[in-house]
Amino acid sequence: MRDRKYKDHPLVKLFTDPDELLARLAREASELLGALTPCLVLIGLALLLISVAITARRVARAGRWADAARRIKILAPPEVAASGALT
C-alpha cells in the first residue's frame, strides 16, 4: 500500500497551522513579484507607449476630418401641395 504523508498536504497545513502557510505564501509571492518587477515595468511602459500612440493617431485623424469638413445649413422641408405628385 502507498505511504500517505497527509501531514505534508497543503490543506492539512492550512487547517493545522494557517499562519505558517500564509506567511510562506506571502514570502513566495513577494519573491515572485521581485523577480518579475523588470518584466512588469517593461510591460507597463509598452502599454503606456501604445496608449500614447493610439491617442496621437486619434487626434491626427480628428484634425484631418476637421480640415476636410464642410459646413452645411439644414433647412426646413419645402411646403408641398396637398395633392402632392398628382398635379
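**View 1. Partly exposed E28 in a predicted model.** E28 has a relative accessible area of 40%, so the residue counts as partly exposed. The model shown here is predicted. E28 pairs with R24 in a salt bridge. Their closest N and O atoms are 3.3 Å apart. R24 is partly exposed too, at a relative accessible area of 27%. Side chains of opposite charge can pair when their charged atoms come close.

**View 2. The R24–E28 pair within helix 2.** Both residues of the pair, R24 and E28, belong to helix 2. Four residues separate them, about one turn of the helix. A search of the whole structure turns up one salt bridge.

**View 3. A patch of positive charge.** R57, R58, R61 and R64 gather on the surface. Together they form a patch of positive charge. R58 is placed in helix 2, which spans residues 18-67. R58 counts as exposed because its relative accessibility is 54%, and the cut-off for exposed is over 50%.

Key
Residues numbered from 1 in each chain as written. Predicted model: local features only at pLDDT ≥ 70, side-chain atom pairs only at ≥ 80, totals over all residues. Heavy atoms only, no water. Patch = residues over 30% accessible without salt bridge, like charges linked within 9 Å, V, L, I, M, F, W, Y side chains within 5 Å. Areas by Shrake-Rupley, 256 points an atom, 1.4 Å probe, with all protein chains shown as cover. Salt bridge = Lys/Arg side-chain N within 4 Å of Asp/Glu carboxyl O. Lys, Arg positive; Asp, Glu negative; His and termini not counted. Charge placed at Lys NZ, Arg CZ, Asp CG, Glu CD. Helix = DSSP H or I, 4+ residues; strand = E, 2+ residues; numbered from the N terminus. Buried < 20%, exposed > 50% of the residue type's maximum accessible area, 1.4 Å probe, protein only.
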